[in-house]
There are 2 protein chains.
Amino acid sequence: MKEKDLMKKAFILARKGRGLTGLNPMVGAILLKSDKIIGKGFHQKYGGPHAEVNAINDAELKGISVKGATLVTTLEPCCHRKKKTPPCTNIIINKGIKKVYYGSIDMNPQVQGRGIKKLKSSNIKTVFVDSQKNNDQLNRGFLKITQKKLPYVTLKICMTLDGMIFNKKSCSSSIGDLKQLKDSNNLRANYDSILVGVETIIADNPQLTYRGTGDKNLWQPRPIVLDSSLRTPLDSKIIKLKNNPIIFTKLSENSNKSIKLRNLGCTIIKLKNLEPKTVLKSLVKNNVQTVLVEGGGSIFSSFLKSNVGDQLILYYSSIFMGNSGLNIGHNLDRQYKLKKNITKIKKIGNSTMMVFES
Amino acid sequence: MKEKDLMKKAFILARKGRGLTGLNPMVGAILLKSDKIIGKGFHQKYGGPHAEVNAINDAELKGISVKGATLVTTLEPCCHRKKKTPPCTNIIINKGIKKVYYGSIDMNPQVQGRGIKKLKSSNIKTVFVDSQKNNDQLNRGFLKITQKKLPYVTLKICMTLDGMIFNKKSCSSSIGDLKQLKDSNNLRANYDSILVGVETIIADNPQLTYRGTGDKNLWQPRPIVLDSSLRTPLDSKIIKLKNNPIIFTKLSENSNKSIKLRNLGCTIIKLKNLEPKTVLKSLVKNNVQTVLVEGGGSIFSSFLKSNVGDQLILYYSSIFMGNSGLNIGHNLDRQYKLKKNITKIKKIGNSTMMVFES
């Protein structure tokens, strides 16, 4: 198998860590001997062993020695101490691994090329299989937190050609056609969490799950609800599905409703306000790296105004709603010129998708 | 020169007839002898000589005989009688032209291949240089009138991402950025007329002219104003520019204001109502083949509702106007699902263009 294909496989492994790595990046690793894969691993728990170590364990548990093996890893192996696990470089050296293909440099200032240097100085052959962009895309949440102490935020909304999100209701999935809905649902596989306002929960009772290819084996994003007075119904689908929802409220965490919701598996967090920045900071504390904000209109406006979105995804379905519609900007009290560039436009069925990025 | 390049040149000539051919198609023709262009012509006046005849006259006026020459024409030469001019096929045969390259078949049921047959039967070599699509695009107004007795109509509007066309005003060019405005202005070169409501004339006082490459030599589209009570100011730019504006009104054609406007070069047409279909039918009578409807919002809604648009061009600039804006659909009292398909989406500067066609 070619290096590039092996690296692709390692990235597929890395992705399995979504939602599990806490504030660590997602990393995947493969071990090879005589062109045969002998071990696979990914980083699957914050504080737990790194992908490289999991791949070594995988091989050794099958009774295969990794001496002389080749390691393929999506990220430069770590070399720093003073953290929950020992440096991977030392383990790689001690285990007698001969060659390391790495897909990206670790931007952590404590590593940043030092891991590779360390391996070289121990006569391990290192080969860069440039996948930096892949890694930066996969770990955009981790990178954003490292740089700005905030999660990576995408605002996504589907509207009609005249900017309407629904007929006097707060949000709905009834605007898009099937192809658009599928495309929009597919986005969810790339996020740790999906954020909505309580109005959306009450009006639409959405599942907020990814329902595309391989959904059964994937970690589902955590539902995040902004619900100042805890109006989330106890029988909401997001609660029944038990995907670890977080509900932000201004009420006491010990109120009757709080206790009931907590007993049903929700995390209830009291904040003094539900401003986007306050919420996002709290999400980092809860190990959320990426947030897909799905509306409705008020939530969209407040996130837009507070300028915390890294990416904006707009779907326009080929309908004019007319004057009975509720406009996406009904809560926006001033003109807002996007400081982002259009990075992608795409026809999806008979809808149009626009992507804006900083 | 290759056949295709010659045909391109003939189409450039044909385009010069925009606005001048009345209810006839635009046609261009070139005459060649020993690979040298000896004559050029286009159909330049309803009832006047056809492009082929103009090309022959052009050569002969320079003292060059067309005997044995090759003719390149965008459209199959006509062969039918009972019209203002004699059949071109006879002239071509009589003049001793040897070869004819033609770019498209004339869909007029009185011609439709019979012109070519006639030439062949006189031992003239005929070669089809397939430009049917070009011709159908260039003469889409002519074709629409032939089939439906209505002009070809494009609805065009620029709005913000939330569907706003302006702040409580009826229309404005201030929403788009320079690249979008240029692109939008370029469209005008392909229409006989530009239609707006009187509110747009009063609020924006637009020129309604094409201001792109070669604008000095091009026929400018006719401004069409829907103005039920003749409020068009006498000093409007469209009147000063003298591009033969047509003003549709419900007032008498002999009212004081009518007379004043007529004296300034306007055509005043009284209609019992200013519904899109009524207006469009009257435009055909006035030899208008193509209409670019530019707004504002009320005009847009009424054209959308009456389903007379062949094409819809929407520009979205990267701004959210918020709740002080006037929505494109403010006059649309019911949901309107487009029965057209997206045929093009394009990034223009930091705006998006969507084209819908039946």
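Visitor: So, β8(A): how many of its residues are buried?

Guide: This is a predicted model, and in it 5 of the 5 residues of β8(A), residues 193–197, are buried. That is why the strand counts as largely enclosed by the rest of the structure.

Visitor: Which way do the residues of β8(A) point?

Guide: A:S193, A:L195 and A:G197 go one way, while A:I194 and A:V196 go the other, and all are buried. In a regular strand, side chains alternate between the two faces of the sheet.

Visitor: OK, and what does β8(A) pair with over 4 bridges?

Guide: That's β12(A), residues 290–295, and the pairing is parallel.

Visitor: Which strand is joined to β8(A) by 5 bridges?

Guide: β9(A), residues 222–226, which runs parallel to β8(A). There, A:I194 stands opposite A:P223.

Visitor: What does the chain pass through on the way from β8(A) to β9(A)?

Guide: Helix α8 of chain A, residues 198–204.

Visitor: Switching to chain B. What's the strand order in the open sheet there?

Guide: It has 9 strands, in the order β11-β10-β9-β8-β12-β6-β13-β18-β17, with mixed pairing. At the edges are β11 (267–270) and β17 of chain B, each pairing on one side only.

Visitor: How much are neighbouring strands turned against each other?

Guide: By 20° on average in this sheet, ignoring direction.

Visitor: And how do β17(B) and β18(B) pair, parallel or antiparallel?

Guide: Antiparallel, over 7 bridges. One pair to look at is B:K346 with its bridge partner B:M353 in β18(B).

Visitor: Now the contact between the chains. How many residues does each one put in?

Guide: Chain B gives 30 residues and chain A gives 30. On the chain B side, the elements giving two or more residues are β14 (319–320), β16 (336–337), β17 (341–348) and β18 (351–357).

Visitor: Which of those has the largest share?

Guide: β17(B), with 4 residues. By class, the chain B side of the contact has 14 nonpolar, 11 polar and 5 charged residues.

Visitor: Last one: which strand of chain A pairs with β16(B)?

Guide: β14 of chain A, residues 319–320, pairs with β16(B) in the antiparallel sense over 2 bridges. Look for A:I319, which stands opposite B:K337 of β16(B).

Key. Residues are numbered from 1 along each chain as its sequence is written. Chains are lettered from A and ligands numbered from 1 in the order in which they are written. This is a predicted model: local features need pLDDT of at least 70, side-chain atom pairs count only at pLDDT 80 or more; totals for chains, interfaces and linings use all residues. Two residues are in contact if their C-beta atoms, placed from the backbone, lie within 7 Å. Ala, Val, Leu, Ile, Met, Phe, Trp, Tyr, Cys and Pro count as nonpolar, Asp, Glu, Lys and Arg as charged, and the others, Gly among them, as polar. Two strands pair if DSSP finds at least two bridges between them. A residue is buried if 20 or more other C-beta atoms lie within 10 Å of its own, exposed if 12 or fewer, and partly exposed in between; C-beta atoms are placed from the backbone. A crossover is right-handed if, with the strands pointing away from the viewer, the path from the first strand over the helix to the second runs clockwise. Axes are lines fitted to C-alpha atoms, for helices over the stretch in contact, and angles run from 0 to 180 degrees between N-to-C directions.
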